[in-house]
Amino acid sequence: MEKIKLLYVDDEESNLSNFKITFGAEYNVLTATSGQEALSVFTQEGDVAIVVADQRMPGMTGVECLERIYHIAPDSIRMVLTAYLESEDIIEAINRGHVYQYFFKPWKEVELRRAFDLVREKFLLARENRLLSLELGERNVQLEKVNIQLVEDIKKRKQAEGKIRILTQELFKAQENERRRIALDLHDNVAQDLFSLKIAFETVFDDFPKVPQRLKTRGKKMSELLGRCIKTLRDMSCGLRPFNLDQLGLVAAVSQYCEEFAGNHGLRLDFEAAGMDGLRLDSELEINLYRVIQEALSNIGKHAQASTVEVKLVASYPVLIIRIEDDGQGFDVKKRSVEAMHEKRMGLQSMDERVSLINGTMNVKSRLNMGTKIFIEIPLSGGAQ
Ligand SMILES: Nc1ncnc2c1ncn2[C@@H]1O[C@H](COP(=O)(O)OP(=O)(O)OP(=O)(O)O)[C@@H](O)[C@H]1O
Ligand SMILES: [Mg+2]
């Protein structure tokens with residue numbers, strides 16, 4: 001058991017040494033022969049649990065000494081041990097010295113020991129409590145610091161995410177503008193020039209009736225080849241920038257794209273739009289949705305081996321819902337998404353980014369041999385008119 005500090009103040013040296021002999025084995029007994037000395041021992045030692053003072057001492061009475069100790073350390077336990085305790089002394093001891101207990105001389109060892117033992121337990125408990133509170137306080141301070149740091153980190157991350165969002169938006173915009181420029185160049189310059197060349201080929205021999213038929217047939221073949229080139233260029237140009245999207249709106253553009261897609265891939269495609277009449281979305285929102293549908297269908301064409309596809313656009317305020325379903329071979333979404341990242345496949349990822357840029361959500365559900373369902377929800381407020 002830990003030896004706690006016990007200070008005994010008495011002007012009679014023999015009492016002090018008796019006390020030390022009796023309690024020295026269980027307590028760390030400190031002694032003082034006057035109130036003044038007791039105060040300096042108390043402050044120097046610190047952590048003194050019990051102070052026992054003789055009442056009548058020259059210079060400073062026991063109660064006066066205990067009163068001052070009370071002001072220094074209110075938690076210390078103070079006791080009076082005297083031969084002459086009068087009723088006035090008792091009241092003074094209680095009021096001024098905040099005395100816990102008093103004992104008469106000659107003291108009874110059993111009584112004192114019982115009192116000290118009780119105090120020791122209380123003292124040790126209180127000290128443990130104090131230490132725990134301190135530790136708790138420190139932990140709280142640390143926690144508070146970590147919390148502040150965390151809030152700061154979250155703020156920074158949100159700012160960074162905001163910046164990335166703006167940059168991605170700009171990137172998509174720049175990409176669309178570039179596509180539009182290339183599409184226009186292809187359509188207006190290259191395709192037109194090829195067209196003029198085709199006409200020139202078709203009419204090049206008109207003024208030369210004697211040109212051999214062989215040469216004319218060759219010219220015709222070249223003209224047909226040019227015709228195919230022009231068609232390919234027009235398709236490429238349309239793929240790069242769906243001009244009908246600006247002119248006819250999302251529903252008509254998607255419907256037309258679906259029709260061509262079904263024809264090119266030899267599958268059945270049911271397209272349905274509901275609640276979309278008169279609903280005009282802003283052009284950025286439209287191009288994003290168009291691209292998302294385009295990529296979903298392109299994936300079906302490349303990977304699904306489907307025979308039937310369903311595309312639905314449903315505007316039901318406050319959301320616009322897009323569902324794209326195929327009955328193809330399906331895939332493990334989680335696994336393929338991770339693999340796709342390593343293989344630098346960007347389709348699903350860019351669909352997801354486009355959807356979140358317009359504050360929407362995208363959900364891909366797929367099971368092997370059970371087809372794939374893509375569910376997209378976009379809030380209609382803001383972009384919709
Ligand atoms: N409808 C689908 N049916 C079956 N598998 C699909 C379907 N859609 C996507 N996948 C699978 O998910 C993978 C990732 O698709 P994602 O569009 O990201 O890449 P990709 O089409 O292979 O390449 P990219 O789109 O970059 O040209 C695909 O490689 C394919 O395995
Ligand atoms: Mg893809």
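Biologist: What makes the crossing of H9 and H11 left-handed or right-handed?

Modeller: The crossing of H9 and H11 is left-handed. Left-handed means that the near helix is turned anticlockwise from the far one by less than a right angle; clockwise would be right-handed. This is a predicted model: local features need pLDDT of at least 70, side-chain atom pairs count only at pLDDT 80 or more, and totals for chains, interfaces and linings use all residues. Residues are numbered from 1 along each chain as its sequence is written, while chains are lettered from A and ligands numbered from 1 in the order in which they are written.

Biologist: At what angle do H9 and H11 pack?

Modeller: Helix H9 (residues 283-304) and helix H11 (residues 347-357) pack at about 155°, with axes 9 Å apart. That makes H9 roughly antiparallel to H11. The cut-offs are under 35 degrees for roughly parallel, over 145 for roughly antiparallel, 65 to 115 for roughly perpendicular, and oblique for the rest.

Biologist: Which residues of H9 and H11 make the contact?

Modeller: From H9, Asn288, Arg291, Val292, Glu295, Ala296 and Asn299; from H11, Gly347, Ser350, Met351, Arg354, Val355 and Leu357. Contact means C-beta atoms, placed from the backbone, within 7 Å.

Biologist: Why is the chain called more spread out than a compact globule?

Modeller: The chain has 11 helices and 10 strands. Its radius of gyration is 47 Å, well over the 21 Å that the globule rule gives for 385 residues, so the chain is more spread out than a compact globule. The radius is taken over C-alpha atoms, and the rule is 2.2 Å times the number of residues to the power 0.38. The C-alpha trace spans about 155 × 40 × 40 Å along its principal axes.

Methods: Axes fitted to C-alpha atoms, helices over the stretch in contact; angles between N-to-C directions. Helix = DSSP H or I, 4+ residues; strand = E, 2+ residues; numbered from the N terminus. Contact = placed C-beta atoms within 7 Å.
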